[in-house]
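Reader: I would like to learn how to read a sheet, an interface and a salt bridge in a model like this one. Could you take me through them?

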Amino acid sequence: MQSQTTNIMIVGVGGQGTLLTSRIIAKVAVDMGHDVKVSEIHGMAQRGGSVVSQVRFGEKIYSPIIKKGDADIILAFEKLEAARWLDYLKKDGMILINNARVDPLPVMSGKAKYPEDIVDKIKQHVAKTREVNATDIAVACGNARAANVALVGVLSWAIGIPADKVENAIKELVPAKALDINLRAFNEGYKLFS
Amino acid sequence: MKRLMIGNEAIARGAYEAGATVATAYPGTPSTEIVTKFSTYDNVYAEWAPNEKVALEVAAGASIGGARTLVTMKHVGVNVAADPLYTFSYTGVNGGLVIVSADDPGMHSSQNEQDNRGYGKFAKLPVIEPSDSLEAKDFTKLAFDISEKFDTPVMLRITTRLAHSQTLVEEGECLELGIKDYKKDAPKYVMLPGYARGRHVEVEKRMLGLKEFAETTDLNRIEWGDKSLGIITSGVVYQYVKEVLPHVSVLKLGMVNPLPEKLIRSFAQEVDKLIVIEELEPVIEDQIKAWGIKVEGKEHFSLIGEYSPELIEERIAGIQLNPGYGLDKQIPGRPPLMCPGCPHRGVFYTLRKMKLTVMGDIGCYTLGALSPLEGMDACICMGASIGTALGMEKARGEEFAGKLVAVIGDSTFVHSGITALIDVVYNQGTSTVLILDNDTTAMTGHQDHPATGVTITRQETRKLDIEAMVRAIGINNIRVVDPLNLKELETALKEELGRREPSVIIAKRPCALLHKTPIKERFYVDEEKCKGCKLCLKVGCTGIYFIDDDKKAAINPNTCVSCGLCPQVCTFDAIKVVEG
């Protein structure tokens with residue numbers, strides 16, 4: 001049973017667009033006929049705090065939250081958040097890290113330092129660490145704001161779901177006028193490591 | 001077709017399918033989305049009430065009037081509504097009434113983690129507890145039937161994890177019940193002592209009937225597995241148990257008050273060991289112990305916080321928690337912050353600078369208590385700022401009151417600050433009250449309220465004039481200031497604190513997220529002038545920062561919204577407008 005379940009964590013900073021990402025992936029999983037559960041905590045999301053969404057799908061899902069050490073894939077929109085949630089990753093799991101730095105208050109005020117080598121430290125523990133520069137991909141596609149959809153592309157590749165199924169979900173969930181750029185960003189993300 | 005719904009949407013859908021036509025609430029995380037969703041359905045009435053007590057009274061009236069009615073609130077909101085709740089329990093209903101209590105184990109967004117299942121026992125109500133969105137919808141429908149069958153309000157108790165998790169739900173048909181007849185029945189609805197005595201007898205009869213019902217309802221079910229261990233559980237914790245202990249026997253309770261004694265006894269007899277797993281209070285465990293049944297529970301689990309699958313695995317199956325890599329302990333935290341451009345920021349900067357004692361209240365501005373603003377001394381509950389300020393003044397004298405302010409938001413003031421302000425005038429306090437009017441209920445996601453002049457369905461309505469109301473209460477000293485103009489704010493505070501009579505300062509500016517204004521000018525830091533004093537960091541904004549060992553401040557153009565606050569704080573005029 002466990003082996004048939006896919007556990008995905010999407011982590012970042014409030015306002016980075018993690019919610020849209022989890023919504024797209026969850027919709028694809030539903031369309032593919034899986035049982036699906038998604039967990040998010042609202043409230044602090046717009047206020048720059050650390051945010052996490054969890055998507056679980058498979059034949060039968062009970063808990064809406066992922067056990068520590070049980071995530072197949074973590075997608076981190078920000079480097080510090082990758083480190084913060086790393087313990088949720090399975091032993092042979094994959095972590096996708098967007099090469100973005102958002103300074104938290106203790107760093108902005110000089111009380112703490114942003115650890116420059118955080119991705120290297122993660123790499124020491126996790127063989128399947130992949131870095132992504134989603135903003136560069138999105139800018140190349142026409143708009144920096146499509147960065148989160150580029151990350152949807154990378155994540156879809158990592159999960160191994162067909163691109164066309166995700167494209168359909170993006171068409172439903174992304175406003176029509178931004179669709180072309182977003183679809184391009186998605187495909188660039190999807191191709192990045194494949 | 002099945003689709004994903006958060007628990008809150010599923011409850012709204014369940015009420016709609018059950019034929020509910022009235023819904024009312026005061027916003028409160030994690031309950032807010034229920035009535036927001038309900039307001040989008042056809043042929044229903046939905047409203048934001050000024051507070052939970054009024055919401056429950058509106059709901060009681062709608063129910064007596066014959067409509068199936070939904071009323072929702074966060075756990076602490078039930079405290080506000082407790083007065084009508086206890087007595088509406090006596091009168092019972094006409095149209096079915098379901099009250100949703102959204103509890104917050106772990107305090108994701110609350111000031112305490114009280115367990116509202118306790119209300120079931122004390123207010124003599126059936127309490128229903130779903131474990132996912134599908135049950136949230138189905139149990140809500142069933143709750144309306146139970147309400148009418150047993151002539152009682154029904155509490156649907158949920159937790160944050162259920163409210164905000166999405167699971168698959170199949171939408172059903174909507175009942176078209178219309179509203180029931182209304183017949184005057186004073187002995188049932190007028191709670192004079194003489195009539196209430198009669199109703200208390202009915203309440204106790206009803207509880208016996210509900211106890212019988214609990215034995216046979218599908219809300220409670222046994223899932224047999226290995227009989228060496230039996231788990232009794234409810235709510236989302238049931239899902240954690242099924243996840244990590246798939247082979248044990250489980251008694252899943254969908255109705256947690258009253259409890260099914262016979263069912264629990266028979267389950268207990270069949271299993272070698274019985275454990276109750278419930279977040280927060282040992283509500284189920286204590287009752288089972290009172291019946292003399294051998295059971296374990298809180299010796300394995302804490303009274304504090306939210307549970308998780310790995311916690312249950314560790315405590316019951318003895319599997320050690322994954323130690324992890326420990327990188328999370330080496331990195332800085334990321335506390336939530338006021339948004340760039342937030343009108344509250346300058347207020348707390350000024351209060352701290354003036355070294356005032358600040359009685360705070362509930363809203364985004366409670367973040368003003370945190371570093372680096374640290375501009376709050378106390379915050380208890382909705383509306384408490386004004387009463388606590390008056391009490392502190394009466395304890396410590398008028399001189400102390402010259403350095404004391406109450407700070408309260410517009411929505412919170414309407415919720416429960418008004419009566420305390422009346423107390424200030426009546427009992428001749430000299431309090432200075434700062435109303436932070438950002439034209440919305442921001443913390444819960446921008447809901448309207450009486451002083452925004454807009455209803456839940458975005459209809460214009462008569463706008464409550466806070467200034468006129470404060471004047472009518474008897475406050476003679478009222479000023480309206482712009483909280484982004486620090487000099488104006490500080491002057492107003494100094495003058496009003498100097499008076500030996502009560503004052504209200506209304507700091508008026510819309511929430512920065514609500515009315516985004518186009519950025520006309522950009523700021524930069526003049527490195528010649530910046531002395532590196534870090535005074536600008538005291539405002540705690542993501543728009544201005546020092547990088548590591550740099551000696552100068554810098555503006556982050558990606559987050560700065562040019563609100564103009566930090567240039568006012570800088571004593572060296574180092575933050576300037578970009579020309580051209």
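Author: Gladly! Two strands pair if DSSP finds at least two bridges between them. Helices (H or I, at least four residues) and strands (E, at least two) are DSSP runs numbered from the N terminus. This is a predicted model, where local features need pLDDT of at least 70 and side-chain atom pairs count only at pLDDT 80 or more, while totals for chains, interfaces and linings use all residues. Residues are numbered from 1 along each chain as its sequence is written, chains are lettered from A and ligands numbered from 1 in the order in which they are written, and side-chain values use heavy atoms, leaving out hydrogens and water.

Reader: In what order do the four strands of the open sheet in chain B lie?

Author: The order is β9-β11-β10-β13 (chain B), and the pairing is mixed. At the edges are β9 (221-223) and β13 (274-277) of chain B, each pairing on one side only. Three antiparallel bridges join β9(B) to β11 (residues 248-253) of chain B; there, Arg221(B) has Lys252(B) as its bridge partner.

Reader: Now the interface. How much area do chain B and chain A bury between them?

Author: The size of an interface is often given as the accessible area lost when the parts come together. Buried area here is that loss (1.4 Å probe), summed over both parts. Chain B and chain A bury about 5000 Å², 57% of it on carbon and sulfur atoms. Counting contact as heavy atoms within 4.5 Å, 58 residues of chain B touch 60 residues of chain A.

Reader: Which strands pair across the two chains?

Author: Strand β2 (residues 35-40) of chain A pairs with β8(B), antiparallel, over three bridges. Look for Lys37(A), which stands opposite Thr167(B).

Reader: And how many salt bridges are there between chain B and chain A?

Author: Side chains of opposite charge can pair when their charged atoms come close. The cut-off is a side-chain nitrogen of Lys or Arg within 4 Å of a carboxyl oxygen of Asp or Glu. There are four between chain B and chain A, including Lys67(A) with Glu313(B) at 3.0 Å, N to O. Over all chains, the structure holds 59 salt bridges. One of them joins Arg13(B) and Glu171(B) at 3.6 Å, N to O. This pair links distant parts of the chain, 158 residues apart: Arg13(B) is in helix α1 (residues 7-17) of chain B, and Glu171(B) is in the loop between β8 and α9 (186-189) of chain B.

Key:
Buried area is the accessible area (1.4 Å probe) that two parts lose on being put together, summed over both.
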